Amino acid sequence: MLKKSLSLLLAMVCVLGLLVGSASAKDEVLLQDMVSLEKVYIPALFFTNQPDKLLPAKKALQLYRGAWNQFNATYADYRPDYANWGVYFENIEYALQDAEAVVASVTPENPASLVLAHEALEGVRATMLSLRPLNGFPKFITDKMTQFHDPMEHIVISLKTQPMSPELIAEVEATFVETMKAWSEVEKCPVDAGLWGFSVEKMMGYYAKISEEATALDNLAVALESGDPVAIKMAGTLAIKEPFVQAYTMFGDFTPFMP
């Protein structure tokens, strides 16, 4: 079965999470700055996906703009290979400008349009997913989570928006194979507690959510094997999304938004 015991996952905290990570990075300062940027990016991505969170979305986007400007000024010319470096910085800037333009246009009368800023910001993590592995950072945990997010989200949206049919179930089954390959990479990827500033308690919380997600994926596998449309829809929507979102957002810094 896909499910791993919580005790095994917690053991990984000690064996992998606390011992492996930045030690293998080519540039530890750059890696730490990437982590710091990611911590600011995640709240902006999170709040722009909620129409009732316009004010925190604006604040999160402003914070990310400041963090990105600093990172861009420091590293845009850091490596001379334009194909593997500079073009990605340009793409992130364009995505951020698009998100800012959307947020500036949102009013209380059209709050749902905030999601367009979220979609623009999705381009940032897709770009980072291309940049980091090509430049010496193949084990960046949120990149692995992005690789999982895309096929998982496809399953969720398909089951929520399309009528159940044999064709849809076949499509979900095919996508589920890709989803599980990506999930195995998330499970195997070490989380450097020191690099991310995770306490032991937070690491335990993270691996508890990883265990919940593994269980949810197991349940979807069982539902797909049964062929029951109702069971498939129940197991393949919020059940597989919520634990993942909770795990992913742990890598963001939400302290500026606390009361």
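**Cavity, pocket and confidence**

In this predicted model, the residues that line the largest cavity are Leu37, Glu38, Tyr41, Tyr64, Val124, Arg125 and Met128. Sorted by class, the lining of the largest cavity comprises five nonpolar and two charged residues, with no polar residue. The volume of this cavity is about 40 Å³. Over the whole structure, the search finds one cavity of 30 Å³ or more.

Rolling a probe the size of a water molecule over the atoms shows where empty space is left. Open space is considered next. The largest pocket holds about 360 Å³ of space. Its lining consists of 16 residues, and those nearest the centre of the pocket are Asn49, His118, His149, Lys241 and Val245. At least two lining residues come from each of helix 2, helix 5, helix 6 (141-161) and helix 11 (238-249). By class, the lining of the largest pocket contains six nonpolar, five polar and five charged residues.

How confident is the predictor, and where does pLDDT stay under 50? For the protein, the mean pLDDT is 90, and 90% of the residues reach 70 or more. Over residues 2-26, however, pLDDT stays under 50. For that segment the model has 47 contacts beyond four places in sequence.

Key: Residues numbered from 1 in each chain as written. Predicted model: local features only at pLDDT ≥ 70, side-chain atom pairs only at ≥ 80, totals over all residues. Heavy atoms only, no water. 1 Å grid on protein atoms, 1.4 Å probe; cavity = no way out; pocket = protein on both sides within 12 Å on 5 of 7 lines; lining within 4 Å. Points joined across faces, edges and corners; volume = space filled by probe spheres on them. Nonpolar A, V, L, I, M, F, W, Y, C, P; charged D, E, K, R; others polar. Helix = DSSP H or I, 4+ residues; strand = E, 2+ residues; numbered from the N terminus. pLDDT = per-residue confidence, 0-100. Contact = heavy atoms within 4.5 Å.
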